[in-house]
Every structure is written in C-alpha cells, then in structure tokens.
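Please open the structure in your viewer and keep the selection tool at hand.

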Amino acid sequence: MTALVWYRNDLRVHDHQALAAAVASRQPVRALYLLCPGQWEAHQVAPLRRWYVLSSLGELGEALAVRGIALDLIDCGDFAGVPQALADYCRRHQVSQLFCTREYPLNELRRDRAVADVLSGLGIALQGFDDSVLVPPRALKTGQGTPYTVFTPYRRRWQQYLDEQPPAPPAPPRKRQAVAFPGDDSLRKAQALLDIPASLQAHWPPGEAAARRRLQGFVREGLAGYKTQRDFPAQPGTSLLSAALSAGTLSAKRCYVMARQAMARDAEMGEGASVWIGELAWRDFYRQIMANFPRLAWGDPFREETRWLQWQRDEKRFQAWCEGRTGYPLVDAAMRQLNQTGWMHNRLRMVTAMFLTKHLFIDWRWGEAYFMRQLLDGDFAANNGGWQWSASTGTDAAPYFRVFSPIRQSERFDPDGVFIKQYVPELRALTGKALHQPWVAPMLAPDYPAPIVRHEGVRERVTAAFQQARDMAAQLGTPHP
Ligand SMILES: Cc1cc2nc3c(=O)[nH]c(=O)nc-3n(C[C@H](O)[C@H](O)[C@H](O)COP(=O)(O)OP(=O)(O)OC[C@H]3O[C@@H](n4cnc5c(N)ncnc54)[C@H](O)[C@@H]3O)c2cc1C
C-alpha cells in the first residue's frame, strides 16, 4: 500500500507536516500535484504567479526525487475534475492514506469535501493539516465563543497560543535512493507558453531553496530595521516573501521560528521582529476570517449594510487607475510597479486601493480582481482582506471617513521621489512640491496627465454615500448578496 501526499499551495519539502506524516506512516510514499488550468482562469490567477508555481514544482519534483519520492503531475482541467482524477490515481497506485495541507477559501473547501466523499467510498483515509498558518483558523474564539473579527485582541490571543504551543516545523525526509521525476518536460512546455520575460524570471527566483535564502537574508539584514523601513517603497525594507508564503515554497512556521530565534539572540532585533511577526498574524487573521465567513468568497462585503453602496461604474477612470494614469504620482508609480513587476509595496496597496474606492468610488471588487490578475503573490484571503480594509467594507477596516491623501502619502513616504521617478519617468525633472503635485507646474511634465479627480471634497462625498447606505439598511434591511 502507498501513502500519498497531495500537494497544493505547499510546494516544499522542509517544514511540511503532511509529508512528514506520510513518511512516518512507514509505507512507500508518492506525491501528486493536480494541474487545474481552468481553475486558474476562473480565479484569475496572474500569469506570473502561474509561472512561479510551475517553476517551483520543477524544483519540488527534484527535491522529492532525491528523497526517493516520485512527484506525479496530472492535468485535470479544473476543480470539478479533481475527485475522479484522485480516485483513479489512488486505485492505480494502491493508495491507502492521503495527506494534505488544508485550504480555506470556499471553492477549495468544496473540492476537498467532494474528494473526501469519493475517497471514503474507496476506504482511503484523508488527513489534513493546518500547516499554511501558524494558528489553525478555528482554534481561537472570543469570550462569546465567536470568531475574532477585530485584529488587536486576535493578535494578543494568537501570540498567547503560540507561546503555549511553539511551532515545531518537522525536518524534511532523509535523502535515499533517488527516483525519476518524469514531469520536467511537461512543466517546461507549460512555462514556455506563459512567455514571462527573462528579467522578471530573474527578479523572482522560484522554488524552496530561493525562498529559504531570501528569508535568511531578510532576517540577517532587514529584520532589525523593519519597523522603521517598511513604509518607504524606495527602500528594500520588507521581506518580499509573500509569493513564497502564498505558494507555500516557504512555511509561515519557519518565518516565525527564525524571527523568534533572531530576537532571542539579539535584543536589537526586538521591535523589528515583533512588528514583522505582527504581519504574519495579519496573514493568519484574514485566513481565519475567510474560513469562518465563507460568504466572502462570493464577493460579499463583510459589513452587510455596505451592500447598499452605490459604486460608480466608470470604466474610463478604472482603466486610468489600472494603467497608472491618474495624475497622482504615487498612485501611478505604484500601479506601474504592479504592472511591470507583479508586486506592489504594502503601503502602496493601501494607497491605490483607497484611491480607487474613495477618490473614484469604484467598487473594491473591480480592484480586487485587477490585483489578482497581476500579483505574483495573489492570495485570496489577504487580497480580499486588504481590499475590504481599504474600502471600509471589511472586518476591522479603516473607518469610512478615513481617506488617505495621495499627496500627503507621497510627501511622507517618498519625499524625494526616488520611487516615483523610477516608475514615472515623465516626472524626472520635478522636485519639491511639484513632484507630489505636478499640476502646479504642468510645463515641467508635459507628458504627464492632469489629475482625473480632485482630492478636495472626497471625504464628504464618501461620508454621504456611507450614510445613505446605512439609511437604506435601516429602512429596508440588508439586500441579498
Ligand atoms: C489592497 C491589498 C491587497 C493585498 N493583496 C495581497 C495578496 O494578494 N497577497 C498577499 O500575500 N498579501 C496581500 N496584501 C498584504 C501585503 O500588502 C503583502 O503581503 C505585502 O506587501 C507583501 O510584501 P512582503 O512579503 O515584503 O511583506 P512583509 O512586510 O515582509 O510581511 C511578511 C509577510 O506577512 C504577510 N503579510 C504582510 N502584510 C499583510 C497583510 N496586510 N495581510 C495579510 N498578510 C500580510 C505576507 O505573507 C508577507 O509576505 C494586500 C494588502 C492590501 C492593502
């Protein structure tokens, strides 16, 4: 009989509970990845992210092969094809136990329920592990027995849980008689079809080894200064590990353990490490929100009264935002960073998302989908959480009357315009006030667009729109999603 590890967004051999459990079962172990290109289409997964996953799979196949574990790749179209493909595979290889890392978005939960039904009919045990998070999404409850919906008390309880049960990521299986990894050719063909420029491929090295190296480099050079550097997009102040964490080439547990060890070794790391660990808590927070409120997966806002908001359906302005032509330098530089590199700095994700939802009053779901189509690290829970935070429709979100000024954000977080000039070359000649508000000196940047909306009056308009939504909800109840 065989133990099977079903890989999804956990493409690594280190710190992998499902793999460790399969090896501990003392049966021959195989591994399987089911390609679902139709699901990638339906979930609007960015080509760059698809490339990252396929490339990481190549490395995973080699890493498993030298440990005597064959990784098979099967194309099963989309999630609907998964139960049958797995059942056929299990019969062919006499699988008695299947191990995997749990996933929480709704389509993934439905897929896994269908798989569990089919496998139980075949007498195959399915064991899932909450290994993509530090704290399982249903482990923490408020005093009322409900899921946490406010971050600060969640974070406190989350830390307490981890202090009581420190994560102990398992070691990878030992190397042994190598087996073949037959999938290499098909992966190469699929990668070539995506046509990702070589410069971008070099910018985002895929796979577990590169992710582990990046983590080590960040802990050594970036962690101590994280608290003070992380808000400045021109600085290399954050870890750039989001793609690795969302595809699982790196585990959140490894990140946590390394940050804690650095804190214990070096008191100077303290504040930086603690703030960075807070970001890992945000990641868990949004995953537990997604797991406990599955309605979010069909586009429902967390705050139900905001279903009444009357968003502008302005395709032209939306396109200007997408292309980085809003006339606001920081917003445009950020959108161009996203379009050119597949990644955007966290502060700028907030600035651009607020600009779309507050200044242009365009539906956050349009922005959420656009980000997903571009992001290397596109992650349903974090992206949805970030968008609903910015739009003030989410759990523990920015209050609706809080509107970032794109001018003030630009002056504070890119005062000399180093970041802006990197992505908006039309503004290279500008300095001082004109850099952040080019409309005051239009003759110095003739190719740069005039602002598509005025900042003045935005807060009042947004306040009125939220008030109207609340009034409608009070009179008529909340509409069905
Ligand atoms: C509108 C919006 C959309 C977002 N979309 C995504 C997304 O699709 N995928 C994604 O991974 N993150 C998303 N984020 C969160 C955050 O912007 C990125 O995780 C971060 O910029 C990644 O860079 P880093 O790896 O250098 O982060 P670091 O600052 O080094 O943080 C370490 C890790 O913590 C996690 N993290 C950090 N901030 C957050 C956060 N606010 N919420 C959840 N997890 C966080 C990430 O896994 C990140 O890699 C979004 C935020 C906003 C405001």
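The stops below concern a pair of helices and then several salt bridges in this predicted model.

**Stop 1: two helices**

Select residues 252-265, which form helix H12, and residues 270-292, which form helix H13. How do the two axes cross, and within what distance do they come? The axes come within 9 Å and cross at roughly 160°. An angle over 145 degrees counts as roughly antiparallel, and H12 and H13 are therefore roughly antiparallel to each other. The crossing in which H12 passes H13 is left-handed.

Now show the side chains where the helices touch. On H12, select Ala252, Cys255, Tyr256, Ala259, Arg260 and Met263. On H13, their counterparts in the contact are Gly270, Ala273, Ser274, Trp276, Ile277, Leu280 and Arg283. Colour the contact of H12 with H13 by class: nine residues are nonpolar, two are polar and two are charged.

**Stop 2**

Side chains of opposite charge can pair when their charged atoms come close. The count for this model is 29 salt bridges.

The side chains of Arg230 and Glu279 form a salt bridge, with 2.9 Å from N to O.

**Stop 3**

Select Glu305 and Arg303, whose side chains meet in a salt bridge of 3.5 Å, N to O. Glu305 counts as partly exposed at 23% relative accessibility, and Arg303 counts as partly exposed at 39%.

Next, select Arg317 and Asp314. How far apart are the closest N and O atoms of Arg317 and Asp314? They are 3.9 Å apart, and the two residues form a salt bridge. A salt bridge here requires the nitrogen to be within 4 Å of the oxygen. Arg317 is partly exposed, at 30% relative accessibility, and Asp314 is partly exposed, with a relative accessible area of 25%.

**Stop 4: a network**

Finally, select Arg8, Glu103, Arg111 and Asp112 together. These residues are linked in a network of salt bridges.

Terms used
Residues are numbered from 1 along each chain as its sequence is written. This is a predicted model: local features need pLDDT of at least 70, side-chain atom pairs count only at pLDDT 80 or more; totals for chains, interfaces and linings use all residues. Side-chain values use heavy atoms; hydrogens and water are left out. Axes are lines fitted to C-alpha atoms, for helices over the stretch in contact, and angles run from 0 to 180 degrees between N-to-C directions. Helices (H or I, at least four residues) and strands (E, at least two) are DSSP runs, numbered from the N terminus. Angles under 35 degrees count as roughly parallel, over 145 as roughly antiparallel, 65 to 115 as roughly perpendicular and the rest as oblique. A crossing is left-handed if the near helix is turned anticlockwise from the far one by less than a right angle, and right-handed if clockwise. Contact means heavy atoms within 4.5 Å. Ala, Val, Leu, Ile, Met, Phe, Trp, Tyr, Cys and Pro count as nonpolar, Asp, Glu, Lys and Arg as charged, and the others, Gly among them, as polar. Buried means under 20% relative accessible area, exposed over 50%, partly exposed in between (1.4 Å probe, protein chains only).
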